[in-house]
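Visitor: Could you walk me through the space inside this protein? I would like to go step by step.

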Amino acid sequence: MLGRFVDVRKEETGAVLWSFLYFFTLMGGYFILKPLRDAMGTAGGVKQLKWLFTATFGVMLVAVPLFAAMVARWPRGRVIPLIYRLFLLQLLAFFVLMKLEVAQPLVARAFYVWVSVYNLFVVSIFWSFMADLFASGQARRLFGLISAGGTTGVIAGLLLVRVLAVPLGPVNLVLVALVLLEVSVRCVQRLSRWARDSHAPPSETGPVGGGILAGLRLLATSPFLLALGLQTVFYTVTSTFLYLLQVRLVDRVALGLAERTAAFANIDLWVQVVTLVLQAFVTARLLSRVGLGVALAVTPVLTLLGFVGLAVLPSVWLFIGVRSLRGATHYALERPSRELLFTTVGREEKYKAKSVIDTVVYRGGDTLATWAEDGLKALGLGAAGLLLASAPVAGLWLAVSLFLARHPRVRAHTQAPGALAPEVRAL
């Protein structure tokens, strides 16, 4: 049945289905938390968001070296469940504090920062694991389907929020997110057992090794990784400008916590519905037929056109259209293609350098964008001026994406036959 939509081989089916479920539960749980986080972020006023982004960036600077130390010492099958369960315990503590209504403003700010750290870490770890599990040829065929697992989970999470946020209260939905995170842990354990049973070399499943600052060193000395970091910065800066515009729109029309939570969920839901359609019917075919260059270029081009369009003809419906198409092409085309690029590097780059890019660099871009917005507004630029000023960033993003797609390292890996990773051969 899967073969009707994607080129999945019989020996890959087990790993793909568990990976699909893993990403489904991970993203479903996060998107139950995300609308609540966004609602809490606006509850204290839009102006405080730049401080929340700055605090998140500071936390990342501490968390990433700790993660690097863990993967250097312990194998991935032990590290990933441990990190997820630490997050689970922290989320349970937030749930208790919110139910008891203890120090509500402080807890709301701390929860916003925590979720902002949580979502990047758990998703970055997921894709590091996938890049370690599947070879480049497999990634080209299968990452679209695996990404669809995350999109399906997002839609399920958002539908739960949309239906239950007002009658039950969004805080009670945190319990569902806790259960889904535990299921993600079980999926990691199952995939890790398969890797161990395949008798893969210790270097493939054991500790990564190296120092705790190796990710920063690798990023600073590799033009390929630097380009991946720049691509992330450009995506993040443009995303943050759109997010701040969305926050202001929702803040004007939604008053209570439940209403704001539902409003954010509705916008995200449209993005994910379009994404799922693209992932199911377009991603794998596009990657196989036209290559990485087109897949990586679509989102920057749409961003550039969308920003100019919103500056010239501002409207809520055009904003929703731009936000939906941009988000859908990112999750369905650009993100799987970007993760495919990480299958071409070594294990230390996959876990350590990738962690730095996906967390510190990503949140650094957020922080840069929020402070830049304040600076541009101080110069007298309105919403249209901000959009036009950020449009060149999309042009730079496009240039870097095309550089990555044409890099000799990528061509060497993606044009070679896609041999199975050792742990998948055994399935």
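Visitor: Happy to start with a count: how many cavities of 30 Å³ or more are there?
Guide: Keep in mind that this is a predicted model. A cavity here is a space where a 1.4 Å probe fits but cannot get out. With that rule and the cut-off of 30 Å³ or more, the count is 1 cavity.

Visitor: What volume does the largest cavity have?
Guide: Nice follow-up! The residues nearest its centre are Asn119, Tyr235, His330, Tyr331 and Tyr362, and the lining has 43 residues. The volume of the largest cavity is about 860 Å³.

Visitor: Which helix gives the largest share of the lining of the largest cavity?
Guide: Helices that each supply at least two lining residues include H1 (13-43), H4 (104-133), H9 (223-253) and H14 (347-378). By class, the lining divides into 17 nonpolar, 15 polar and 11 charged residues. The largest share is 9 residues, and it comes from H9.

Visitor: What is the handedness of the crossing of H5 and H13?
Guide: Both helices supply residues to the lining of the largest cavity. In the contact, residues of H5 including Arg140 and Phe143 meet residues of H13, among them Tyr331 and Glu339. As for the handedness, the crossing is right-handed.

Technical notes. Residues are numbered from 1 along each chain as its sequence is written. This is a predicted model: local features need pLDDT of at least 70, side-chain atom pairs count only at pLDDT 80 or more; totals for chains, interfaces and linings use all residues. Side-chain values use heavy atoms; hydrogens and water are left out. On a 1 Å grid over the protein atoms alone, a cavity is a set of points where a 1.4 Å probe fits but cannot get out, and a pocket is an open set with protein on both sides within 12 Å along at least five of seven lines; lining residues have an atom within 4 Å of a point. Grid points are joined across faces, edges and corners, and a volume is the space filled by probe spheres set on the points. Helices (H or I, at least four residues) and strands (E, at least two) are DSSP runs, numbered from the N terminus. Ala, Val, Leu, Ile, Met, Phe, Trp, Tyr, Cys and Pro count as nonpolar, Asp, Glu, Lys and Arg as charged, and the others, Gly among them, as polar. A crossing is left-handed if the near helix is turned anticlockwise from the far one by less than a right angle, and right-handed if clockwise. Contact means heavy atoms within 4.5 Å.
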